[in-house]
Amino acid sequence: MEKWNIRKNKMLPVIFALAWPTMLEQFLQTAVQYIDTAMVGSLGTQATAAVGSTSTVNWLIGSTVSAIGVGLLAFISQSFGAGNRERAKRASGQAVLVVLAVGISFTIVIAAINKQVPVWMQVDEGIRDMAARYFLILYAPMLFRTANIIFGTVLRSVGDTKTPMRVGVVMNIINTVLNFLFIYPTRVAVIAGISITLPGAGFGIEGAALASAIAYTYGGIAITVKLWKHADISPKGQSFKPDKTILIPCVRVAFPNMCQRFATSLGYVVFASMINSLGETSAAAHTIANTVESGFYIPGWGMQTAAATLAGNALGAKDWKKLRDLERAIIPLETGLMTVCGALLFAFAPQLMTLFSRDAEVIRLGSTVLRMVAISEPFYGIPIVLEGMMQGVGKTVAPFIFSVIGMWGVRIIGTFICTQLFGMGLIAAWACMIAHNVLLFVLFAVYFARGKWKPKF
C-alpha cells in the first residue's frame, strides 16, 4: 500500500499538469458562453430561444470534428510514448490535410442547410429566420473552427495543453469585447454619476454570432501558427499527401468515435426538437440550464484530456504500471471533483438561472431541472474519464455502443413517450436525460471492471 501511495503521489502532479490548462480553457469558454447567454437573454425570451434552438446542431458539427481529432490523438500520443517523434510529425502533416478537407466540406454543407435547420428543429415560425441567420454567421468560418479543434488536439496529444489554453484565452477576450460592441445599440450608461456613451452596432443575436465567428477565425489562425512553429510536433517539411500508414490507423480509432458523437449529437438534436415543441418558455429554460450545467462538467473534460494523453503514452511505451497507476489515481480524483461540482450546482441553481433570465417561470423551471441533474454529476463524470483512457489506447467501439444504447434507447424513447404521448413537460425530459447518464455509468463501470478495455502489451 505504501509503495502504491508513492506512485499515486507521483502520478497526481502529472495528471494536474496536463489537466489544469484544459480545465482553465474550458472554464473561460464557459464563462464567455455565460456572458453570451446573459446578453442575449436581455434581448428577450424569443432571442434566447432562437439561439438555443440550433445549439444541438452546433454540438453535432463540433463533436464530429472533435472525433476526427481523437484518432490523431491516439496515434500521436502512442508514437510519443514509443519515442518515435518522426512518426508523430508525419501525423501532424496529415492533420493539415484533414483540416482542409473537413473544414471546406462543412462550410459547403452549412451554407446549403442553414435555412432548413430551424425547420428541422421545430422552432416557432416567428423566430426561424432569426435562428437561421444566427446559425449561418456563426459557422461561416468553419475552416478556422476545424483548425482550432484539430490542431489543438494535436498539441494536447504531445502534452502541450498550455498553447491551446493561451489561444483560447485571447479568443474569449475577443468574443466578449465584440459582444458588447455588436449586440447592443449605442447607449448612455451612468457610472458613479457620470454619463458615458457606449458605442454599439445594435445587431442583436446576429452580433453575438458575428463576435463568435471573428473570435474563431482568430483562433484558427493563431493555433495554426503555433503548431507550425512547435518544436516537437510541427508539420513543417512533412508531406501533405494522403499517407495510408497514418490515416488508416487514425480512422480505425476515429470512425467509431465519430459514429458515437454523431449518433449522440443527432440524439441531442431530436431531444432538443421535442423540447422546442413544448414552447418558448421550456426552450429558454432548457437552453439556459444547459449553459449553466456545462460549466460544472469542466473537471470531467480536463481529466479526460489528461487520461487520453497519459494512457496513449503508456501504451506506446508498453508501460503496464503507468497505465495501472493512472487508473487508480484519476478515477477517485474525478469522482471527488464531480461530487463537489454537483453539490455546488444543487445549492446555487436559482442564483445561476437569474444571471441569464428575468422571466420567473424560466428561472423556476430551469432551477428545478438543474437540481435534478446535479445529483447525477458524479455518475456522469466517471464515464467521461474512463472514455478518455479508452480513447488513448484506441478502444472506441465500446463507448460508441454504450452511447447509442443510452441516448436512443433511454433518452430519446423516454422523452418521446413522456412529452409527445403523455403531454408531460421539461422536467420529465430531463429525468430521461438523467436516466441516460446513470445507465452510461453502469455500462462503463462494468466494462472497465472486467478489464476488457486494457491493451495487450
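Which residue just after helix 17 takes a positive phi? Just after helix 17, glycine 451 has a positive phi of about 75 degrees, where helices (H or I, at least four residues) and strands (E, at least two) are DSSP runs numbered from the N terminus.

This is a predicted model, in which local features need pLDDT of at least 70 and side-chain atom pairs count only at pLDDT 80 or more, while totals for chains, interfaces and linings use all residues. Residues are numbered from 1 along each chain as its sequence is written, and side-chain values use heavy atoms, with hydrogens and water left out.

Helix 17 has 24 residues, which at 1.5 Å a residue should span 34 Å, and its end C-alpha atoms are 35 Å apart, which agrees; the expected span is 1.5 Å times one less than the number of residues.

**Aromatic pairs**

A search of the whole structure finds 6 aromatic pairs. Rings of Phe, Tyr and Trp (its six-membered ring) pair if their centres lie within 6.5 Å, and planes under 30 degrees apart count as stacked, over 60 as edge-to-face and the rest as tilted. The table gives two of these pairs.

| Pair | Centre distance | Plane angle | Class |
|---|---|---|---|
| Phenylalanine 182 and phenylalanine 203 | 6.2 Å | 40 degrees | tilted |
| Phenylalanine 402 and tyrosine 447 | 5.6 Å | 80 degrees | edge-to-face |

Because phenylalanine 182 lies in helix 8 (residues 162-182) and phenylalanine 203 in the loop between strand 2 (194-201) and helix 9 (205-228), their pair ties together parts that are 21 residues apart in sequence. Phenylalanine 182 is buried, with a relative accessible area of 16%, whereas phenylalanine 203, at 41%, counts as partly exposed; buried means under 20% relative accessible area, exposed over 50%, and partly exposed in between (1.4 Å probe, protein chains only).

The other pair links distant parts of the chain, with phenylalanine 402 in helix 16 (residues 397-421) and tyrosine 447 in helix 17 (residues 426-449), 45 residues apart. Both phenylalanine 402 and tyrosine 447 are buried, and ring pairs link Phe402, Phe444 and Tyr447 into a cluster.

**Charges over rings**

The charged end of arginine 87 sits over the ring of phenylalanine 75, 5.3 Å from its centre, and arginine 145 lies over the face of tyrosine 216, at 3.8 Å from the ring centre. A charge sits over a ring if NZ of Lys or CZ of Arg is within 6 Å of the ring centre and within 35 degrees of the ring normal.

**Between helices 16 and 17**

Phenylalanine 422 lies in the loop between helix 16 and helix 17, and phenylalanine 422 is exposed, with a relative accessible area of 62%.
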